[in-house]
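Subject: Structure for your files

Hello,

Here is the structure you will want to look at before we talk. My notes on it follow below.

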Amino acid sequence: MNMAPWIIQIALVAMSILTETTEGKKDKVLYCSACRAIVDELNYSISQIDPKKTIHVGGFRLNPDGSLTDKKVPLARSESNLSELLDGVCGSMSDYALHMDPDTKIKQYKRFAPRSSDAGDFPDFNNFKFDGPEGSNALKFVCESIVEEFEDYIISLFAKETDHVVDKLCNEVSDHCKGTKFQSDEL
């Protein structure tokens with residue numbers, strides 16, 4: 001009796017079970033929080049750039065009449081600046097920790113470290129759970145995964161100065177916050 005087909009069937013069943021369980025383990029709170037943190041950090045970084053600064057974009061080819069066509073766009077929303085900001089956005093994930101709202105018991109990662117412009121505006125640390133480097137490393141890893149997968153979408157959303165970027169990126173484009181209790185709350 002040939003056992004090869006039977007062994008192949010068992011192997012396929014085992015692989016399908018393992019695939020389903022590993023895909024089902026995605027931590028919705030972690031992924032949604034990382035997505036929302038990316039938007040928050042980029043919005044903050046963009047707000048710190050002088051709105052009067054512009055950059056020349058476009059091809060630097062001469063037209064047939066000898067003129068040059070380029071246009072000026074605000075530096076803060078330029079593709080090159082957004083790409084640069086996106087490269088460093090995940091470095092700030094160490095400023096986030098798991099927060100549980102005392103009233104609703106909803107868990108999400110929130111920024112606990114005040115920015116330089118937030119002088120004296122400290123959050124209540126009683127509701128944060130600090131997991132040490134493991135917690136921020138997990139958030140940083142997820143952040144890097146999201147940035148890698150959706151870099152073009154992120155840049156195009158921010159370049160257009162779209163309102164509700166967090167909803168568009170985290171609910172519509174990536175689906176990381178779809179169906180969560182804090183899908184439309186502010187970070």
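Helix 2 is mostly covered, with 14 of its 20 residues buried. Buried here means under 20% relative accessible area, exposed means over 50%, and partly exposed is in between (1.4 Å probe, protein chains only). Helices (H or I, at least four residues) and strands (E, at least two) are DSSP runs, numbered from the N terminus.

Please note that this is a predicted model, in which local features need pLDDT of at least 70 and side-chain atom pairs count only at pLDDT 80 or more, while totals for chains, interfaces and linings use all residues. Residues are numbered from 1 along each chain as its sequence is written, and side-chain values use heavy atoms, with hydrogens and water left out.

More on helix 2. At its N-terminal end, helix 2 is capped by Asp27, which places a side-chain oxygen 3.1 Å from the backbone nitrogen of Val29.

Salt bridges

There are 6 salt bridges in the structure, each being a side-chain nitrogen of Lys or Arg within 4 Å of a carboxyl oxygen of Asp or Glu. One of them joins Arg115 to Glu41, with the closest N and O atoms 2.8 Å apart. This pair connects distant parts of the chain, 74 residues apart: Glu41 sits in helix 2 (residues 28–47), and Arg115 in the loop between strand 4 (107–111) and strand 5 (128–129). Arg115 is buried at 13% relative accessible area, and Glu41 is buried at 7%.

Asp95 pairs with Arg111, the closest N and O atoms being 3.1 Å apart. Here too distant parts of the chain are linked, as Asp95 is in the loop between helix 3 (79–88) and strand 3 (96–100), and Arg111 is in strand 4, 16 residues away. Asp95 is partly exposed, at 21%.

Asp175 and Lys178 form another salt bridge, with 3.9 Å between the closest N and O atoms. Through shared partners, salt bridges join Asp40, Glu41, Asp95, Arg111 and Arg115 into one network.

Whole chain

The chain has 5 helices and 5 strands, in the order α-α-β-β-α-β-β-β-α-α from the N terminus. Of its 187 residues, 33% are buried.

Regards

Technical notes:
A polar contact is a pair of N or O atoms within 3.5 Å; within protein, one must be able to donate a hydrogen and the other to accept it, and residues adjacent in sequence count only if both atoms are side-chain atoms.
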